[in-house]
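Let me put the structure up and we'll walk through it together.

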Amino acid sequence: SDMSDREWVYVCPRLPPPSKDGRKERHDRRDIVDAILYVTHNGVVWRALPAEFPPWKTVYGFFDRWKKKGVTISVHDGLRDEVRQAEGRDVTPTAGVIDSQSVKGAQTVTGTSRGYDAGKKINGRKRFIVVDTLGLLLGVLVMPASRQDRDGARQVLLDHYFTTPTCRHVFADGGFAGKFVEWAGRILKTTVEIVRKKEGQ
């Protein structure tokens, strides 16, 4: 999943400048980014990075530093803003969609970060997402599948409240109906509109 030249032109200037201690970086940054994308796309552990990429410890070092500096978030959010503008939308969304999904934990997922969702009979993780009305990611929270939906939903919507202050209307399915809707309106001044599936859908 190597980046195209056009993608690299977008990402490159958004990376932090090289260290000022005089040492030249040994590996091309484009190779570093391609390696990070390989790990995230294929869901492999860092140690399983193929030999054609820079050493996994080097790649992980860059990833860790850039993540702590907020680089991954700024690249993602900047790209999302450009897509919204290209679609004729305002950069800041006013409506979104919240949903959750339990997913089976891969071999690489540690036992401490997974759990059993008895309702869906899945041993793994549960992810909560908020997207805009184009389906572009606004917020995500991952937790053990054993955790209650209401816990994850409240946390991801609370995070969303601070990161996307313009978005105060969220669509959700029937699984979010009830106390969550009341809590969101009272505490976060956010309207959660329940959209129910049509008969036979």
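This is a predicted model: local features need pLDDT of at least 70, side-chain atom pairs count only at pLDDT 80 or more; totals for chains, interfaces and linings use all residues.

H4 itself covers residues 71-86 and spans 23 Å from first C-alpha to last, close to the 22 Å expected. After the helix comes Gly88, with a positive phi near 80°.

Now the packing. The largest nonpolar core has 19 residues, and Val11, Leu15, Ile36, Val59 and Trp66 have the most contacts inside it. H1, H2, H3 and H4 each put in at least two residues, with H2 giving the most, five. Look at Trp66: leaving out residues up to four places away in sequence, its contacts include Leu15, Ile36 and Val71, and also Arg29. There's a second, separate core too, 17 residues, with Phe128 and Val170 among them.

On to the rings. I count eight aromatic pairs. Take Tyr60 and Phe63: centres 6.3 Å apart, planes at 45°, so that pair is tilted. They're three residues apart in H3, about one helical turn. Tyr60 is partly exposed, at 33% relative accessibility, while Phe63, at 18%, counts as buried.

Last bit, charges over rings. The charged end of Arg14 sits over the Tyr10 ring, 3.7 Å from its centre. For Arg65 over Phe62, the distance is 4.8 Å. That's me done.

Definitions and conventions: Residues are numbered from 1 along each chain as its sequence is written. Side-chain values use heavy atoms; hydrogens and water are left out. Helices (H or I, at least four residues) and strands (E, at least two) are DSSP runs, numbered from the N terminus. The expected span of a helix is 1.5 Å times one less than its number of residues. A nonpolar core is a set of buried Ala, Val, Leu, Ile, Met, Phe, Trp, Tyr and Cys residues joined through side-chain atoms within 4.5 Å. Buried means under 20% relative accessible area, exposed over 50%, partly exposed in between (1.4 Å probe, protein chains only). Contact means heavy atoms within 4.5 Å. Rings of Phe, Tyr and Trp (its six-membered ring) pair if their centres lie within 6.5 Å; planes under 30 degrees apart count as stacked, over 60 as edge-to-face and the rest as tilted. A charge sits over a ring if NZ of Lys or CZ of Arg is within 6 Å of the ring centre and within 35 degrees of the ring normal.
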